[in-house]
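Open the model in your viewer and keep the selection tool ready. The tour moves from stop to stop, with a short note on what to look for at each.

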Amino acid sequence: MCGIVGALSIKRVSIDTQYAKSMADKIAHRGPDDAGYLFFHTGTRHGNGVSFYHNLTDYKFKSIEEMLPAIESQSVQTELSLHDYDLYMGHRRLSILDVSRAGHQPMSDLSKNIWLVYNGEIYNFKELRAELEQLGHRFKSHTDTEVIIYAYIEWGIECINKFNGMFAFSLYDNFKKRFYLVRDRYGIKPLYYHITKENTLIYASEIKSILEYKDYQTEIDKEALLEYFTFQNIFTNKTLHKDIKILEAGHYFEIDLQTQEIDKTQYWDFDFSNPLKIKDEREYTEELDRLFNQAVKRQLVADVPIGSYLSGGMDSGSITAITSEHFRGTGNYLNTFTVGFDLNSASGMELSFDERAKAEYMSYKFKTEHYEMVLKSGDMERCMSEFAYHLEEPRVGQSYPNFYASKLASKFVKVVLSGGGGDELFAGYPWRYYRATNNKNFDDYIDKYYGFWKRLIDNRDVQKVFAPIADDIKDVWTRDIFANVFKTPSTLQTPEEYINHSLYFEAKTFLHGILVVEDKLSMAHSLETRVPFLDNDLVDFAQKVPVNMKLKNLDKITRMDENEIGKMHKTNDGKIILRKAMSPYIPEDIHQAVKQGFSSPDNSWFKGESIEFVKEKLLNSDAHIYKYMDRTAVEKLINEHLSGEKNRRLFIWSLLNFEEWSNIYG
């Protein structure tokens, strides 16, 4: 788990080497254990094909790679100024596998012609290594990084289809003069890029590194801003930073440096259609049990301490149960972590938001070494600036509790397991899918589902709220953005088919947003988060499980009154087969519990203990948000919440997040 940065001149302009170190330093929190810098003259711009490179470290890590020159030295700086380079690859390392110097990056093959900088973990790297050794390849380290290099040499870029894990990497092939930028199937690891006016590709694990490069001029993407304040997420590959994009999950760039051609390829996508035809539910349950155990055990590979989040729910509880079994007999205890909330000022359904008691019970049952943190309203206020800096772009939900959870876990372990992905694969949000199961046609389905996902500002209020930038967003139709997420089907008829489309949509958007947030907030504390539910074999199986084994009220959908759907927020429908498969591992009152998300009691806090903070930040005429939003329209919506007329906690949180973002990046 690390951070990568780089620059590639696609045309005839040299890259600017003076920004290389600061680009990597900006993400030092992602990799505090080592640093490496590679500058390449590929020879493609001069016709003769002659190439040379400089492989460097810096003074701080000279003891790790004493044979490499330090980038800060005067001799290196002089050398860099004497030549022109068209490729830079930088790396900051968080040592997880083979923590020795052998894991230093950028890493190459023995010929020094294939170079890689990589962020992530390939959980099946040992199996791939054994296969490659049978084919004659020899390894000098015990890292998954080196396996990627020789897998590419053996199978070409198609090797990524063999990788079971999370990854974002850049790879340069000096033999073929080709450059690749790759992101994993699900988007667990982020990868951003910007193409300058001079046609230089700048890329990095985090946006702040791209901002360091001289050619980027800070400007907000107003269309992305409207997208965010419609969905509380960004469904396209845009970010709030104009012309900085995120490489989509399951995609890679291939750049031919000789022809200057750039191709973007989608190599994988979710597919919830064509369920398996096994009639015996027991066979599904047993196979799910096997695959889930396999997934968790695969992701326990590490040469550093591993812990697990323990929220009090089924997903993290099941992971903890299986992981704790692995620890038994080793003489060590599994560390588990829970964040709870002070509910003294909470009311209504928020009184159930603190799940520490359930987590403590499971910790007792599984014999873990358990740590807790209790958040109060002031904790949100205190972390907002640091939170917004690391998140870089507002995404789904009130995620500052995740920031504190990562901070807690990082004090004890370097790797933590998370239950992310269970809801999206096994239909954990029934009240969402049931809103759009009986439809006249696909457009009718889109209208209904789009209506639900307009989470912040209704279309009727858009022109008023965004009056200052109305001309800039007049051609943006958020319904089209929503509809473009889907692969348009030829026909959809049954509720099951529509629900599978909803599962596809949420895996592509909501899950992706959660993964981006989790990566940024954990890596802010130099912590690697792993998600066992997103094991390739488990995902492939989960997509093919019939809907009637995930949801149990399908036969009642046609009789449901749309006005009563809000009541379904309290339901233990959803994830039926997962509940059955996990029943041997966790207590019945956990695996049969009512579904509840990880959320803080902000509805009450925004009207109570944090009301002055909200007023100071948002009802202030000098607030940055009013460069883009109309103050009168925004204050009207805020006051509806403060008066108790409507619950607009998501909108207020998003405003606070955007205000802090604007103060730092705007």
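Which side chain does a polar contact of 2.7 Å join to that of Thr368? Select Thr368 and Ser363 together: the contact joins the side chains of these two residues. Keep in mind throughout that this is a predicted model.

**Stop 1: around Thr368**

Stay on Thr368. The residue sits in the loop between α9 (356-366) and β16 (369-375). Leaving out residues up to four places away in sequence, Thr368 touches Thr320, Leu334, Thr336 and Ser363. Is Thr368 buried or exposed? Thr368 counts as buried, because its relative accessibility is 11% and the cut-off for buried is under 20%.

**Stop 2: the whole chain**

Zoom out and colour by secondary structure. The chain holds 26 helices and 18 strands. Along the principal axes, its C-alpha trace spans about 75 × 60 × 50 Å. The radius of gyration is 25 Å, which agrees with the value near 26 Å that a compact globule of 666 residues would have. Buried residues account for 62% of the 666 residues. Next, consider contacts between residues at least 6 apart in sequence. Of these, 74% join residues at least 24 apart.

**Stop 3: the six-stranded sheet**

Select β5, β6, β7, β8, β12 and β13. These six strands form an open sheet, in the order β5-β6-β7-β8-β12-β13, with antiparallel pairing. Find the edges: they are β5 (107-108) and β13 (261-266), each of which pairs on one side only. Then show helix α4, residues 144-155. The helix packs on the sheet and touches β5, β6 (114-122), β7 (165-173) and β8. Its direction makes about 125° with that of β6.

**Stop 4**

Gly165, Phe167, Phe169, Leu171 and Asp173 point one way. Met166, Ala168, Ser170 and Tyr172 point the other way.

Bring back β6. Nine bridges join β6 to β7, and the two run antiparallel. As a landmark, pick Trp115, which stands opposite Tyr172 in β7.

Now bring back β8. It pairs with β7 in the antiparallel sense over six bridges. Select Phe169 and look for its bridge partner in β8, Val182.

**Stop 4: the turn at Lys177**

Follow the chain from β7 into β8. The hairpin of these strands has four residues between them. Select Lys177, which lies in the loop between β7 and β8. Lys177 has a positive phi of about 55° although it is not a glycine. This lysine is buried, with a relative accessible area of 7%.

**Stop 5: from β8 to β12**

Select residues 178-183 and residues 251-256. These are β8 and β12, which pair in the antiparallel sense over five bridges. Which residue of β12 is the bridge partner of Phe179? Pick Ile255.

**Stop 6: two backbone details**

Select Gln105 and Pro106. The peptide bond from Gln105 to Pro106 is cis, with omega near 0°. Pro106 belongs to the loop between β4 (87-93) and β5.

Move to Asn199, in the loop between β9 (192-195) and β10 (200-204). Asn199 is not a glycine, yet has a positive phi of about 65°. Asn199 counts as partly exposed, at 23% relative accessibility.

**Stop 7: the cysteines**

Finish by showing cysteine sulfurs. How many disulfides are there? The count comes to zero. Select Cys159: the nearest cysteine sulfur is that of Cys2, 18 Å away. Cys159 is buried, at 1% relative accessibility. Last, select Cys383, which also counts as buried, at 3% relative accessibility.

Methods
Residues are numbered from 1 along each chain as its sequence is written. This is a predicted model: local features need pLDDT of at least 70, side-chain atom pairs count only at pLDDT 80 or more; totals for chains, interfaces and linings use all residues. Side-chain values use heavy atoms; hydrogens and water are left out. Two strands pair if DSSP finds at least two bridges between them. Contact means heavy atoms within 4.5 Å. Axes are lines fitted to C-alpha atoms, for helices over the stretch in contact, and angles run from 0 to 180 degrees between N-to-C directions. Buried means under 20% relative accessible area, exposed over 50%, partly exposed in between (1.4 Å probe, protein chains only). A polar contact is a pair of N or O atoms within 3.5 Å; within protein, one must be able to donate a hydrogen and the other to accept it, and residues adjacent in sequence count only if both atoms are side-chain atoms. A disulfide is a pair of cysteine sulfur atoms within 2.5 Å. The radius of gyration is taken over C-alpha atoms; the globule rule is 2.2 Å times the number of residues to the power 0.38.
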